[in-house]
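Visitor: Could you walk me through a few places in this model? I would like to start with a single side chain and then look at some helices.

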Amino acid sequence: MLAGSAAAWHVGGGAAFAPLSSGPGTSACLRRGGDNARLCARSATRGGAPLETRMGAPLDSWEAGVSLGARPVAPDPFHSVSGDLQLIKAKIKRMADSALKSNKAALQGAAEMGGMGRNWKGFFERPEKSWRPAVVVLLAEAMGSPEVAARSEGARAPGRDEVLAIAEIVELMQLATQIHDTILEDDDRLDKGNEAHKLYGSVSAGNKVSVLAGDFLLSRASVLSASLRNLAVVESVASALQSLMEGQVQLAMPVLDAPSLNLYIKNAQYRGGMLLSRGCESVALTAGHAQDSEVTAVAREFGLNLGMTYQITKDLQVTEANYAKLLNKVHKESSSPNGVCYLPRQLDAPLQAAGPLLYAATLFPELQDVAQRGFTSFAEVLHAKSLIDRCDAVHGMRRLAQYHARLALDALESLPESEARQSLALMVHFARESAQPRLSRANYSPEGQFRSKSALASSAALAASAHKAEVAARKDLYRTLNGGGGDSFGALRDTVVSGLLGVKARANTDIARLQRAAVREAVLLYGKNVPVGTVMGHINLQCAFHVTAETTEQMLVEEIQWQLKLGIETHEDIVKAADAGRDLLPPAWESRAA
């Protein structure tokens, strides 16, 4: 799929949306109408009518259509370009050292304040591998065949010096963004900052150094782009810089407009997609391909979708890590005499601007209000997380990342078969992995070998720790519900329960099935955003056996995911599903019943 194309995909029974394209004038909108939510992606292509693709295939068939397939057998992408990456890294370090040494006052002050001059290397180190410049170099190799050059009049194979310059520009701009991201607020702890904050021991001084260092790198990237003497490349780099800055500013600004999943996608495009898109585009431009040529469009589309794949997946990691930190804090401090003390924005950090929350908000509109104003209590955070789980929003965001990964692989198919192309395909798979272990420096030996066992063990340990913290925090929160039995409500309607394949009749010997029937009834009565306490009270009023809040929530999540998959909104929908021979118990319930 090249620039100007559009596609939509189905999210359970509630929403559909499509990723943004890199074509000129492209926009996307998500709108709710009637019982369904529909997305249209419009592209103001030159001379063509706007495209609009709406919700179509069911979720399971959509997933089957975007499989990435097996990971390709290809040369390791980092090993293939290791020499070029070392040259780029060494040049950046020399540039930084030269800039610092040229200012004797700064050097002397840094030494007095903790040895900044001796630790300048640490200031520019980052936990990730330099995968973006690796992509630029590999793409140039994949585009170096005469077959590609023949597609545009006057084009040639990309020059090595030009390609390395573009790769360096991409790395400088990404590094500058990383440094700017570590600027702290007044109430932040120093250990959340970068090397400058630790060395100077001051938020204010560390922030000043961070701003200046990041701006210095951006200025060097601009000068380097001008040295290529190609106006189209200069404009491309300037566009990438503008997108990066807009994306970062949007994250830092208060939420004024109504937040939405489309705004998140646009922001992710700015932060993660445009830099790589423009970098790949510049490779084609320096080789003589026109801005509107097929080759340039392929390069641009590949870079955009690979960058989006990475950014969405990375954002999920950050969201899960921040949520785990909050859960650990609540669990540790809940037993203290003063209770849990929250710093400003600490409740908001895990979920407020997260993709899964905005994904869930397409089904639960009340989450849009939370995303705009922030959270007022930890109970509100947990309820939002429960709604996220009910519509399987995290998995939905992973499907979006996989969708972009598929588009990136499709773009590569336009290039001739080569080892470089296969290595680029492998990089797409690396970016799509949930924990992205192959993009982390810590998972490689000094010789550059990937240490798979340590990476898997680290990911498993983090997941187990987060799950343990969430279970403990929920137990603390639900202690009152478990002790009081939840809220009380009217009697369960016999007509609905009797319609659930005779569940009520069989429930005399299967209390668990009666509890599940009560969960289903509560969802149909009160909606898919029903609080756990309401459902718990509903169950306990109908059953002689008490059910805990934790068990209630687990059954609630399983039931709602099942309803979304089948498009269940009313009792009549269940009757129709039964008449069609559909299984009326979620798979998780079936396995327990067996």
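Guide: Happy to. This is a predicted model, where local features need pLDDT of at least 70, side-chain atom pairs count only at pLDDT 80 or more, and totals for chains, interfaces and linings use all residues. Residues are numbered from 1 along each chain as its sequence is written, and side-chain values use heavy atoms, with hydrogens and water left out.

Visitor: Which helix holds Arg271, and is Arg271 buried or exposed?

Guide: Helices here are DSSP runs (H or I, at least four residues), numbered from the N terminus. Arg271 belongs to α12, residues 261-286. Buried means under 20% relative accessible area, exposed over 50%, and partly exposed in between (1.4 Å probe, protein chains only). Because its relative accessible area is 11%, Arg271 is buried.

Visitor: With which side chains does the side chain of Arg271 make a polar contact?

Guide: A polar contact is a pair of N or O atoms within 3.5 Å; within protein, one must be able to donate a hydrogen and the other to accept it, and residues adjacent in sequence count only if both atoms are side-chain atoms. At 2.4 Å, one partner of the Arg271 side chain is the side chain of Asn267. At 2.7 Å, another is that of Asp315.

Visitor: Where do the buried residues of α25 lie around its axis?

Guide: In α25 (residues 571-579), the buried residues are His571, Ile574 and Ala577. They cover an arc of only 115 degrees, so they are on the same side of α25; the arc is that of the directions from the helix axis to the C-beta atoms.

Visitor: Is Gln436 buried or exposed?

Guide: Gln436 sits in the loop between α18 and α19 (452-484). Its phi is positive, near 50 degrees, in a residue other than glycine. Because its relative accessibility is 4%, Gln436 counts as buried.

Visitor: What about Arg229, buried or exposed?

Guide: Arg229 is found in the loop between α10 (203-227) and α11 (231-252). Although Arg229 is not a glycine, its phi is positive, about 55 degrees. With a relative accessible area of 79%, Arg229 is exposed.

Key:
Helix = DSSP H or I, 4+ residues; strand = E, 2+ residues; numbered from the N terminus.
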